[in-house]
Amino acid sequence: MDELEAIKVTFFQECEELLADLEGGLLAMQDGNDDGDTVNAVFRAVHSIKGGAGAFGLEPLVRFAHVFETLLDAVRSNEVPATPDLVVTLLRASDVLADHVSSARGLGVVDEAVSAAMAAELKACTDPNAAPAPVAAAPVVEAFEAAPVAAPADALIGADDALDDDDLGFDFQPMTITIDEQAADVAAAVGNVWTVSIRPKSDLYRKANETALLLRELARLGPIEATLDASAIPPLDQLDAEAAYATWTVRLETEEDETAIREVFEFVDGDCDLEITRGEGLAPDAALAALLAGDAPAPAVVEAAPEPVVLAEAPVVVETAPVAAAPVVETAPAPVAAPAPAPAPVAAAPAAAAKTQQIDVPGPGQSVIRVDPERIDRLIDLVGELVINQAMLAQRVGEYGIAPSSNLAMGLDELEQLTREIQDSVMAIRAQPVKSVFQRMPRLVREVASMTGKQARLVMDGENTEVDKTVIERLSDPITHMLRNAIDHGLESPEERKAAGKNPEGVVRLAALHRSGRIVIEVSDDGKGINRERVHSIAIKKGLISPELQLTDEEIDNLIFLPGFSTADKISDVSGRGVGMDVVKRSVQALGGRISITSRPGQGSTFTLSLPLTLAVLDGMVVDVAGETLVVPLAAIVESLRPKPEEVRPLGPVGSVLAVRDSFVPLIDVGLTLGYREASPPPTEGVVLLVEGEDGSRAALVADAIHGQRQVVIKSLEQNYQQVDGVAAATILGDGRVALILDVDAVISLRRREPPRPVEPTLIAAE
Amino acid sequence: MTRTVLTVDDSRTMRDMLRMALAGAGFNVVEAVDGEHGLEVLSAHRPDVIITDINMPKLDGFGFIEAVRVDDDYRAIPILVLTTESDPAKKDRARRAGATGWIVKPFNPEKLVDAIRRVAA
């Protein structure tokens, strides 16, 4: 069943959201924000997961969610205090619940022992006096499984609708009742005739129930004959429109048993006086015989009819329906029996039906369309082609020397704007908040902290920062690594922290923000910071750098990204899995991203990861360098200028710097750095682009000429060729030529390694 | 004549399940995500039957039912509550608030349509 499968997909999506809500709520409680709303939201999350899981028959998930829910229910009704210890337990339970969801999804296996132990623990929290672990789980299961059986509806229509038992949502255990001979004789004597007397109370109508509908339901069991006793209806001037005065007596012929008849009245239990007796007889002894014949269910009759109705002195026969059921309903004078509210639904119906036709009403501001991601990817590709095409067109038209004020040129301008808007809009479709990645992290932090014996609290910021989906999918691994590293290597043990006068609980901060057209992810800790002396000596010991190399603090910090570098004394279970920061760095670079670290001894470290917002388009400046066309990402460019001779100062034997206002910036000839030429022409003959790297360092890139600003579609160089130092990607220009997109940071750092600085070849290779 | 059913549930899964079952049985379905939203949708669509969850943010099922019942325009609309609880107290409270009947989750389409038939004219 496709539709059901689709809903199942929705269910698991919703589970992800609910699990995130659950965790978020619990974390808020941990921070002391346990107002009623938070606890309720936490309860609802588990409740909804259980509800959906029940619909799909995901038994293990339902069972665990039920135990969890029961405890949360006790917490929200203040029966169980939400102590910090309890919240920690609840957080661990949320992890187990998440495992159950994954398992139900077929994405993993639940550790049954862990789950059972957790369930027992939850149970013990719910009722501290309850028996301990092993016994605890069983009664819960029973309690839940009993629930569906309480629904009687299927039994009611089971017979005459020929319902397939397999379709029923629960196990219905048939029960054989032995009727002794005498009782069977009585039953035979009275045949299959029942007498049902109904005296509705006003509450029945107040709840929008309806006598006519009850009669219609009875008629589904067999032919009925209904008699209205209207004797209690007062004169009109004394009539209370909201009161109920009528009594109905129904003669019913049916093969069904009393339970089926009684179920007709399930919804109005207590809202009407009901008496069900076997046979025609209204006489007490007939009723008694019926009671006897009814055997087991009999006492219920007495119980349910506390005030046996004295039946009609002057019965008014309203209608008989020997066979057909429907006419009873149509002609039954409901308005007499039922006061005011009764006719309303009928009146309301046509209006509603006329007005609506399968109109979906989404929540305010949260209308959602589900689209196959492949369609969006295709659309994005097409828009990319459109952008290239539009650029080509503009260039061709430009070649014909058409005046900018001409209609054609103006029309082209508009086309360009439209193209750009389409592109932005299309990219926005695929943009998603980083929340989906962030929400997996609190659990990771808990687990890593408990494995390493550290106390860590995760603070998250900017979860709603949006990034293209293609980028989001690849954020998870680097963030996971950086967090592991921050806890394992960054944070001190609680004892060390106490000794250093810090809170034994370390704080790890995960933040996302937009900065100059890129997304920046920061992972910081308030731990001990990088031990530069040790890092330096390890790097030397491992032969990664030469001993005489003078490095700045920043450069030492970044040594940890070198391949084969590990600062841990012993390889821990968490970070030491053969995957070092160098792998993180490489995977980030593959995305056109950069990673760096800053550290302050005793105060902690901050990893900064920066990635393009999308892997699809880029605003760039098109420049000429040694006959090649290059694109410099606009986001990196601070300004462009033509240097005057007096602003260029030589520095050392080869290098030179540019005086920009009151500071000096290193001059980098792009052609030389990329190996297009052997010697640089004087910078004053070219154009200078003042650029800023990720770490804030500035450089002046020298190019021969500027062609202008353009939006380009990024074509991966790695995928189509291979990674090239100093080059981020490639693009196709308006005239159809391929141009390389400059990796500004790489160019800056490439230049840093040039002479006069003596840098070991290994270091260059690592970058 | 197509009948309109308003479903009020904060769970998207449950709304989808209800929609599938109800649309399959020929009902016109309108949806709301909580009690407050339910009251808004109610006035826009005048449903023939309302099916509501109990645990919801903003305005829960009890509050929603009470609000419908005190409104002269809507008080005669049958309301079925969805409940997973075996807990009779919750069902009783829903009835006191004015619920016409109830559906125990997990439900199957037959059970659902059956319950609607029992309360809808």
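I began with the crossing, and found that helix 17 of chain A passes helix 18 of chain A in a left-handed crossing (the near helix is turned anticlockwise from the far one by less than a right angle). I note that this is a predicted model, in which local features need pLDDT of at least 70 and side-chain atom pairs count only at pLDDT 80 or more, while totals for chains, interfaces and linings use all residues. Residues are numbered from 1 along each chain as its sequence is written, and chains are lettered from A and ligands numbered from 1 in the order in which they are written.

Next I looked up the geometry: the axes (lines fitted to C-alpha atoms over the stretch in contact) of helix 17, residues 373–399, and helix 18, residues 407–430, of chain A come within 10 Å and cross at roughly 160°. Helix 17 and helix 18 of chain A are therefore roughly antiparallel to each other (an angle over 145 degrees).

I then listed the contacts (C-beta atoms, placed from the backbone, within 7 Å): residues including A:Leu379, A:Val383 and A:Gln390 in helix 17 meet residues of helix 18, among them A:Leu412, A:Glu416 and A:Arg430. By class, this contact has 17 nonpolar, three polar and two charged residues.

For context, I recorded 30 helices and 23 strands in chain A (DSSP runs of at least four residues for helices, H or I, and at least two for strands, E). Of the 767 residues of chain A, 36% count as buried (20 or more other C-beta atoms within 10 Å of a residue's own).

Lastly, I noted that the predictor gives the complex an ipTM of 0.84 and a pTM of 0.51.

Definitions and conventions: Axes fitted to C-alpha atoms, helices over the stretch in contact; angles between N-to-C directions. Parallel < 35°, antiparallel > 145°, perpendicular 65-115°, else oblique. Contact = placed C-beta atoms within 7 Å. Nonpolar A, V, L, I, M, F, W, Y, C, P; charged D, E, K, R; others polar. Buried ≥ 20, exposed ≤ 12 C-beta atoms within 10 Å, placed from the backbone.
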